[in-house]
Amino acid sequence: MSLRAKVGLYGLLVVLCLPFLFPTWWMVTSSFKPVSELLSFPPTLLPSRWDFSSYEEVFTFQPFARQYVNSLYIALVVTVGTMAVAAMAGYAFARIRFPGQNVLFVVVLIGLLIPSEVTIVPLFQLFHGWGLTNTHWPLILVPVLGAPGVMATFIMRQFFLTLPDELEDAARMDGLGRFGTFFHVALPLARPALSAVAIITFLHSWNLFLEPVVYLSDRDLFTLPQALTHYVDTYGGPMWNVQLAASTLSAMPVLIVFALAQRHFIEGLAQTGLKG
């Protein structure tokens with residue numbers, strides 16, 4: 001491409017990116033504005049005076065640091081658990097032949113067609129009977145064994161289908177059994193798919209809202225999406241600058257995770273549909 005064509009192409013890409021970047025820019029810059037400037041018209045792209053008090057109030061009105069740790073450790077546990085379950089289940093569906101294999105896989109995929117709102121009441125009754133309400137266990141078990149886990153299993157199965165049979169034949173000749181082949185041959189090659197599963201699962205768990213509202217009542221156990229709705233004044237109105245500051249802090253881990261693993265994420269998704 002000529003220099004003029006490259007400049008034109010990159011200029012077009014920058015213009016197309018603006019609608020996606022502007023909301024993030026507005027959220028971050030507005031978190032440093034006082035409420036009077038935040039609601040002023042016409043709006044300003046940059047604060048006339050950088051005000052950091054909203055970030056102090058984030059930790060004053062409720063235990064935001066504790067809630068931040070809650071979301072972080074739940075998302076990490078769910079991500080690791082989903083990766084482990086999906087990798088083993090996906091490998092079994094892709095590489096192990098057994099009667100009713102395809103029928104069972106279709107039954108598993110049906111879990112993607114059931115909205116979480118439909119199952120929330122029976123699941124609440126189930127966890128309440130086990131004495132696990134107002135704990136983090138429902139927020140861990142439901143994503144790992146529910147629809148997010150099914151999606152992760154589908155991604156891993158599609159990836160394992162692309163592996164040549166000669167790899168398993170060579171592993172068996174070296175004396176590896178089924179588990180040895182999985183852990184020493186298939187799993188190391190599945191890093192792109194595992195990265196895609198990790199990002200999708202982490203995002204889903206980090207942004208989970210309905211389940212925390214249903215299962216949790218103790219403010220110290222809240223996750224971030226639930227905590228963001230509690231930044232209100234004495235009249236019940238939203239504290240916009242504090243909510244924007246809390247939202248900015250909440251978005252940081254997601255942006256960091258995706259920035260570090262975006263190449264593996266795209267590669268993993270690209271390879272899940274090559275064979276089926």
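Hi everyone, this is a short tour of one protein chain, from its overall build to a few individual residues.

Before we start, please keep in mind that this is a predicted model: local features need pLDDT of at least 70, side-chain atom pairs count only at pLDDT 80 or more, and totals for chains, interfaces and linings use all residues. Residues are numbered from 1 along each chain as its sequence is written, and side-chain values use heavy atoms, with hydrogens and water left out.

Let's begin with the overall build. The protein chain has 14 helices and 0 strands, where helices (H or I, at least four residues) and strands (E, at least two) are DSSP runs, numbered from the N terminus. The C-alpha trace spans about 70 × 70 × 30 Å along its principal axes. Of the 276 residues, 38% are buried; here buried means under 20% relative accessible area, exposed means over 50%, and partly exposed is in between, with a 1.4 Å probe and protein chains only. If we take the contacts with a separation of 6 or more, 71% of them join residues 24 or more positions apart, a contact being heavy atoms within 4.5 Å.

The chain exposes about 15,800 Å², and carbon and sulfur atoms supply 72% of that; accessible areas come from the Shrake-Rupley method with a 1.4 Å probe, and for residues only the protein chains shown count as cover. On the charge side, there are 14 positive and 15 negative side chains, and the centres of the two sets lie 11 Å apart. For that count, Lys and Arg are positive and Asp and Glu negative, with His and the chain ends not counted. Each charge is placed at NZ of Lys, CZ of Arg, CG of Asp or CD of Glu.

So which residues form a nonpolar patch on the surface? They are F98, V103, L104, V106, V107, I110, L112, L113, I114, V118, M151 and F154, with about 1,000 Å² of accessible area together. Two elements, α5 (101-109) and α8 (147-161), each give two or more residues to this patch, and α5 has the largest share with 4 residues. The rule here is that patches are made of residues with over 30% relative accessible area and no salt bridge; like charges are joined within 9 Å, and nonpolar side chains (Val, Leu, Ile, Met, Phe, Trp, Tyr) within 5 Å. One member, V118, sits in helix α6 (residues 116-129), and V118 counts as exposed because its relative accessibility is 56%.

While we are in this region, have a look at G111, in the loop between α5 and α6. G111 is partly exposed at 24% relative accessibility.

Next, salt bridges, meaning a side-chain nitrogen of Lys or Arg within 4 Å of a carboxyl oxygen of Asp or Glu. The count comes to 4. R95 and D165 make one of them, at 2.8 Å from N to O. R95 belongs to helix α4 (residues 64-95) and D165 to helix α9 (residues 165-173), so this pair ties together parts that are 70 residues apart in sequence. R95 also meets E168 in a salt bridge, at 3.2 Å. Since E168 lies in α9 too, that pair ties together parts 73 residues apart in sequence.

D169 is partly exposed at 35%, as is R172 at 45%.

Finally, let's go inside. In helix α7 (residues 137-145), the buried residues are P138, L139, I140, V142, P143 and V144. Their cover includes α4, α6, α8 and α12 (210-215).

And where is F160? It is in helix α8, and F160 counts as buried because its relative accessibility is 0%. Leaving out residues up to four places away in sequence, F160 touches A87, G90, Y91, A94, R95, F182, A186 and A190. F160 and G90 are 70 residues apart in sequence, yet 7.2 Å apart in space, C-alpha to C-alpha.
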